[in-house]
Amino acid sequence: MLDNLEMIAQNDPSGMFQAVYNLPEQIQKAYEIGRNISVDIKAEDIDKVVITGLGGSAIGGNLLRVFVLDQCRIPVIVNRDYVLPAYVDSKTLVIASSYSGNTEETLSAYQDAKTKGAKIIAITTGGKLKEMAEKDGYYVITIPGGLSPRAALGYSFIPLLMLFVRIGLISPVDDQVEETIKVLSDLRERYKPEVPEEKNLAKRLTLKLWNKLPIIYGISGTTEVIAERWKGQICENSKSPAYFNVFSELNHNEIVGTESPKHVLGLFEIVMLHDTEDHKRNAIRMDITKDLVKGVVSGVSDIYSIGNSRLARMFSLIYLGDYVSLYLATLYQNDPTPVKKIDILKNKLAEIKD
Ligand SMILES: O=P(O)(O)OC[C@H]1O[C@](O)(CO)[C@@H](O)[C@@H]1O
């Protein structure tokens, strides 16, 4: 069914498949942008980093938070609100991340960062954020426009990673970026529409999730944000629901909610994301949980990261989720690009001034 290339083309008039296919090139360009960052902030000038953004931009920040967990000696926090926490001060680096540069919560948080006297860096394609940050004299990392924010994860994540290296918060990542580009370039030749179902993991997994409720499980400290990314991509690209949760937390509550109602649970199709750096006890928890829910839910699939470096493994899982969300969109006959409900919401919000 997913081998019908004409059907895929019809449901992707705006080229989201192409944007996903181009992720390795995007990461290469993002890396070059990152290498040219020339801020004069030093690690000793700051005692925490707050990345403020929404949706795809928040995911970029959140991936960074997890990526640096084993190295960075100061807290990295992601803020998705109009305001920043009270602990933001002159020793805080606030990174305002908005692909469009016009997301109202991010613009408001940017103003709050100014009021609180934080050190500020903006990452954006333009919009009001770039205008304000340049006028206020803050450093702006300008990334290329023309994509949906969720298709620009390379641009919203890699330059921030390079910024962390530049500031001295983490060690260089050049080899990891290189490996990531290689791994993704290989994976796209395995996941692309021309590869038939029997050889294409992305298509086979999509067929399991089709007409079901995808539940994506990650593990704290490794795949937690990737599970969230899968959920977001399925919702925005496929226009269908999906949920995610994280081990071990879900073992302390969600696991109990698997007895009734049976007809609803029977629609749950679980995807468990695995990584070589998962805490051993969490890996065991995943196995036990699988046994506990088998026969109750529709099915459980185990997906393993590919590659040696942390970065390559992270992106290998993200990439599969991106392709799955596009194939699901195809099966539901939805164009992955437009997000009409968000547009309606934004228009209604614009009518209401406070
Ligand atoms: O990166 P931006 O442009 O601030 O957008 C944030 C999020 O807002 C949306 O544009 C929708 O409101 C998402 O698609 C996006 O991920």
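Modeller: Angles over 145 degrees between axes count as roughly antiparallel, and those under 35 degrees as roughly parallel. The model to which this applies is predicted, with a mean pLDDT of 97 for the protein chain.

Biologist: Are helix 4 and helix 10 roughly parallel or roughly antiparallel to each other?

Modeller: The axes of helix 4 (residues 55–67) and helix 10 (residues 224–238) come within 9 Å and cross at roughly 160 degrees. The cut-off for the antiparallel class is over 145 degrees. Helix 4 and helix 10 are therefore roughly antiparallel.

Biologist: Which classes of residue make up the contact of helix 4 with helix 10, and how many are in each?

Modeller: From helix 4, Ile-59, Asn-62, Leu-63, Arg-65 and Val-66 meet Glu-224, Val-225, Ile-226, Glu-228 and Arg-229 of helix 10. Sorted by class, this contact has five nonpolar, one polar and four charged residues.

Biologist: Which residues does Phe-244 touch, leaving out those up to four places away in sequence?

Modeller: Phe-244 lies in strand 7, which spans residues 243–247. Beyond four places in sequence, the residues in contact with Phe-244 are Ile-216, Glu-224, Ala-227, Glu-228 and Lys-231.

Biologist: Is Phe-244 buried, partly exposed or exposed?

Modeller: The relative accessible area of Phe-244 is 30%. Buried requires under 20% and exposed requires over 50%. Phe-244 falls between these cut-offs and is therefore partly exposed.

Methods. Residues numbered from 1 in each chain as written. Predicted model: local features only at pLDDT ≥ 70, side-chain atom pairs only at ≥ 80, totals over all residues. Heavy atoms only, no water. Helix = DSSP H or I, 4+ residues; strand = E, 2+ residues; numbered from the N terminus. Buried < 20%, exposed > 50% of the residue type's maximum accessible area, 1.4 Å probe, protein only. Contact = heavy atoms within 4.5 Å. Axes fitted to C-alpha atoms, helices over the stretch in contact; angles between N-to-C directions. Parallel < 35°, antiparallel > 145°, perpendicular 65-115°, else oblique. Nonpolar A, V, L, I, M, F, W, Y, C, P; charged D, E, K, R; others polar. pLDDT = per-residue confidence, 0-100.
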